[in-house]
Protein chains: 2
Amino acid sequence: MKVLVVGANGQIGKHLVSFIQENDSLEAKAMIRKEEQASYFENLGAETTIVDLEDDIESITKAAEGVDAVVFTAGSGPNTGPDKTILIDLDGAVKTIKAAEAAGVKRFVMISSFDTTREAIQAANSSFAPYVVAKHYADEWLRGTALEYTIIHPGRLSNDEGTGKVEAAETVERGKVPREDVASVIVATLENDSTIGKEYQVVGGTKSIKEAIDSL
Amino acid sequence: MKVLVVGANGQIGKHLVSFIQENDSLEAKAMIRKEEQASYFENLGAETTIVDLEDDIESITKAAEGVDAVVFTAGSGPNTGPDKTILIDLDGAVKTIKAAEAAGVKRFVMISSFDTTREAIQAANSSFAPYVVAKHYADEWLRGTALEYTIIHPGRLSNDEGTGKVEAAETVERGKVPREDVASVIVATLENDSTIGKEYQVVGGTKSIKEAIDSL
């Protein structure tokens, strides 16, 4: 299975491409923004394609042609300006969804935020709310498509080393999760078609990642 | 016909409430953010209701209960920060749409931006693009509902005195239009049910507003 990783140069993305390349049944195509980001992925033996999420849908569609799945793990994150939040986390995500449709790619894995419900928007403070709104509408857009989607809602991301163990369910208690473990959750999700049409929150836990995903 | 004007204290909103109150078959309920904004509307004999578009849907729903139409003419505009753009122009609009549905109000008139197409997003410069994205998704959301909607796309807004004359069509050449004339276009739209399901661009022109809207 060939996987377009959108946001490959992000912190989750780098782990993810590495794990995909180590996996015999998967291969990665890393979508990156700048030529100088390519060497990391080339060293892993991954194909690269240079597209900016502010480019038009056609550019992203070209990147998605010929792959079997798209993982959207790009994100300006909650710490960039809200201009990039709306252009990348919302519009970049929707353009990627449309590109997957246009390229005939059915499988789509979205890395969302822990809680993107209406309640979470209303509860967010004013600096975080724009980010939650952006992720809310991106998730909503994906739910309205005919794609074989999975939406992963990770807890508070940390750069701690992966533990290989998580808790995953439709709703779990808030908690931290290493980015490395989120990348492993994505791989386990791509390998298990019963995750299609589901969405789950993921935090650090006690189950092996494969077991946690397979039991969803 | 009782009309909830969302964004009544805005520059179009103030003209609109005034025109509605002058019209024998219409009456306005002005949705405003602050108590101190009420007197202008009370002097026009209009009902007021105090709701912030950052409040929850239930608060907006209460404001919409018992009215026959909702006009969304709120907007942070292109000159506020993009945090408010996403919270008001996108999420505030969608919350108002959901509130209309929850309150059983069928008629909805959206004051959009001149061009909210995908092409306009891609063509916009980086400071204007977040605003176009927000309006794009608000319009898209409305199109996906069962509401009896009209989407009005005014040209570059000016504070010039109204001329009573516009050009209105699905697409027209870019141009200016006085806010006062946009308010008159909204009234003509509310009075003509054949505008339901339509959207049109509006700029200054040579046809009387009623004629321009009735011939759409």
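Trp141(B) is partly exposed at 22% relative accessibility, where buried means under 20% relative accessible area, exposed over 50% and partly exposed in between (1.4 Å probe, protein chains only). The structure is a predicted model, in which local features need pLDDT of at least 70 and side-chain atom pairs count only at pLDDT 80 or more, whereas totals for chains, interfaces and linings use all residues. Residues are numbered from 1 along each chain as its sequence is written, chains are lettered from A in the order in which they are written, and side-chain values use heavy atoms, with hydrogens and water left out.

Rings of Phe, Tyr and Trp (its six-membered ring) are paired if their centres lie within 6.5 Å, planes under 30 degrees apart being stacked, those over 60 edge-to-face and the rest tilted. By this rule, 6 aromatic pairs are counted over all chains. Among them, Tyr137(A) and Trp141(B) are arranged edge-to-face, at 5.6 Å centre to centre with 85 degrees between the planes. This pair crosses between chains, joining helix α6 (residues 129-143) of chain A to helix α6 (residues 129-143) of chain B, helices being DSSP runs (H or I, at least four residues) numbered from the N terminus. Tyr137(A) is buried, because its relative accessibility is 5%.

Within chain B, Phe128(B) and Tyr131(B) form a tilted pair, 5.5 Å centre to centre and with 40 degrees between the planes. Phe128(B) is partly exposed at 32% relative accessibility, while Tyr131(B), at 12%, is buried.

A charge sits over a ring if NZ of Lys or CZ of Arg is within 6 Å of the ring centre and within 35 degrees of the ring normal. Lys14(A) is placed over the face of Tyr40(A), 4.9 Å from the ring centre, and the charged end of Lys14(B) lies over the ring of Tyr40(B), at 5.0 Å from its centre.

Conventions
Helix = DSSP H or I, 4+ residues; strand = E, 2+ residues; numbered from the N terminus.
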